[in-house]
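Work through the exercises below with the sequence and the model at hand. Each task is followed by its solution.

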Amino acid sequence: MSTAIPTSTSITESAVIPAHLSHVWHFIKLQDFHAFWSKLKGSDFVKGASPETDVVKWEFKDGTMLDVKQEEHSSIDHYITYSIIASTPALSYSSVVSTVRCYPITSGAAEGQTFVTWSGNFSSDADAGVIEDARFKRQEALADLATKVTQKK
């Protein structure tokens, strides 16, 4: 009998970002996540990694390095989908595909602001700790994004 805690391997975190979609969308590029996400020390293109798509190395302040591959991008529908293709140290699960999606809020009290979702679909070998860590990281990153877009230049 397994002692593993059954858990969903999909998460979605969301936030209302107090800025217009055009301002928020400016930050949603893999190579620019370090401009708002306080956990990232830097992010740079990995040259020669793939002739068909962009690969960006994210360096976290704790020393973790992720090679992130852009799987899909739409400037029309305002979303970006990416996967992690390499990690130092190694991940404890096989894979994850994540999507950051932005929606303009067009009516109501939040009109003119942006609704952002950040989802993750993990392989079945991801445990509850992995899912919760990803949830907290997305929450922190969305809070950082809200802070960044409201800063005076």
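Two strands pair if DSSP finds at least two bridges between them. Helices (H or I, at least four residues) and strands (E, at least two) are DSSP runs, numbered from the N terminus. The model is predicted: local features need pLDDT of at least 70 and side-chain atom pairs pLDDT 80 or more, while totals for chains, interfaces and linings use all residues. Residues are numbered from 1 along each chain as its sequence is written, and side-chain values use heavy atoms, without hydrogens and water.

**Exercise 1.** Determine how strands β3 and β4 pair.

Solution. Take β3 at residues 55-60 and β4 at residues 65-74. They pair in the antiparallel sense over 5 bridges.

**Exercise 2.** Decide whether V24 is buried or exposed, and list its contacts.

Solution. V24 belongs to helix α1 (residues 21-25). Buried means under 20% relative accessible area, exposed over 50%, partly exposed in between (1.4 Å probe, protein chains only). V24 is buried because its relative accessibility is 0%. Leaving out residues up to four places away in sequence, V24 touches (heavy atoms within 4.5 Å) I17, A19, C102, T114, V116, L145 and V149.
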